[in-house]
Amino acid sequence: MPTETRSRVRTPFAPALDLPPPYRLVSLREMGDAFAHATAIAAQQGAGTLVHVGRFDLVEFAVVLEPEEPLRTARRAVYAGLCALGDALAVHAPPEKAITFDWPEAIRVDGGLVGGGRLAWPSGADEHEPPAWLVFGAAIRTVALSDDEAGLRPLSAALEDEGFDDLGSGRLVESFARHLMVAIDAWQEQGFGEVAKNYLARLAPEQGVCRDIDENGDLMVRRAGKAERRALVPALAVPSWLDPATGGPRR
């Protein structure tokens, strides 16, 4: 899942990020939509383009990838993106804070939903050919913009309330960018199994259940001799963590 190396381009709308050379930065104003913008410019701007929205309540960004494998297997990039985001959060998390996933794309801190990832690809792309691009996008709630008392919404969370002190949007995106490079390198050098192992380790454990990720990205769940397949494509169509009304994580 390589990305091309291009020079960075920065816009004046938000503070510049310190990104590794493969990335070129596009910054949007606070009301921008990183995922939609990255999808719109992916074909023109190409691999390594990272779109970032300068918000104080959300970490919101999206990155363009240009995979070299067929779409049906390249969609597993969503797992690489989530692993990179999970590892970036873990670096900045207080001790003993659990960073976990709900399959396929939601992220929790100590059981509270903070956000998740998304994946887009060109409409009508051939399943058996490399797509022109993929876009992995994510949003993580940093501040709870609500007057609700703490504990009233136990299934949602914000990084500020979970003890992630002084973790600005830019710092998390910078960390994600570096962890994504590590995940992609592991995929290329050791096979997707390394990414799958990292991702599956962050799913909530279930006694007597064995899980794996199929070649096409489906989750395979085996228990008591029975196998269940959970299809990735329809699950990605409606992100479980996303509130369509706000464009951010559900509460």
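Biologist: In what order do the strands of the open sheet lie, and what is the pairing?

Modeller: This is a predicted model, in which local features need pLDDT of at least 70, side-chain atom pairs count only at pLDDT 80 or more, and totals for chains, interfaces and linings use all residues. Residues are numbered from 1 along each chain as its sequence is written, and side-chain values use heavy atoms, with hydrogens and water left out. The open sheet has seven strands in the order β1-β2-β3-β7-β6-β5-β4, and their pairing is mixed. Two strands pair if DSSP finds at least two bridges between them. Strands (E, at least two residues) and helices (H or I, at least four) are DSSP runs, numbered from the N terminus.

Biologist: What makes β1 and β4 stand at the edges?

Modeller: β1 (24-28) and β4 (99-102) each have a single partner strand, so one side of each lacks a neighbour in the sheet.

Biologist: How do you know that β3 and β7 pair?

Modeller: Strand β3 (residues 58-65) and strand β7 (residues 134-141) share eight bridges, in the antiparallel sense, and a pair needs at least two. Within this pairing, phenylalanine 61 stands opposite alanine 138, and glutamate 60 is opposite alanine 139.

Biologist: Which strand forms a hairpin with β3?

Modeller: That is β2, with four residues between the two strands. β2 (residues 49-53) pairs with β3 over four bridges, also antiparallel, and valine 53 stands opposite glutamate 60.

Biologist: Why is β3 called largely enclosed?

Modeller: Eight of the eight residues of β3 are buried, so the rest of the structure largely encloses this strand. Buried means under 20% relative accessible area, exposed over 50%, and partly exposed in between (1.4 Å probe, protein chains only). In a regular strand, side chains alternate between the two faces of the sheet. Both faces of β3 are covered, with Leu58, Glu60, Ala62 and Val64 buried on one side and Val59, Phe61, Val63 and Leu65 on the other.

Biologist: Why is glutamate 69 called buried?

Modeller: The relative accessible area of glutamate 69 is 18%, and the cut-off is under 20%. Glutamate 69 lies in the loop between β3 and α2 (71-74).

Biologist: Which side chains does glutamate 69 join by polar contacts of 2.7 Å and 3.1 Å?

Modeller: The contact of 2.7 Å is with the side chain of threonine 73, and that of 3.1 Å is with arginine 76. A polar contact is a pair of N or O atoms within 3.5 Å; within protein, one must be able to donate a hydrogen and the other to accept it, and residues adjacent in sequence count only if both atoms are side-chain atoms.

Biologist: How many disulfides does a search of the whole structure find?

Modeller: The search finds zero. A disulfide is a pair of cysteine sulfur atoms within 2.5 Å. The sulfur of cysteine 210 is 17 Å from the closest cysteine sulfur, in cysteine 83, which is too far for a bond. Cysteine 83 counts as buried at 1% relative accessibility, whereas cysteine 210 is partly exposed at 45%.
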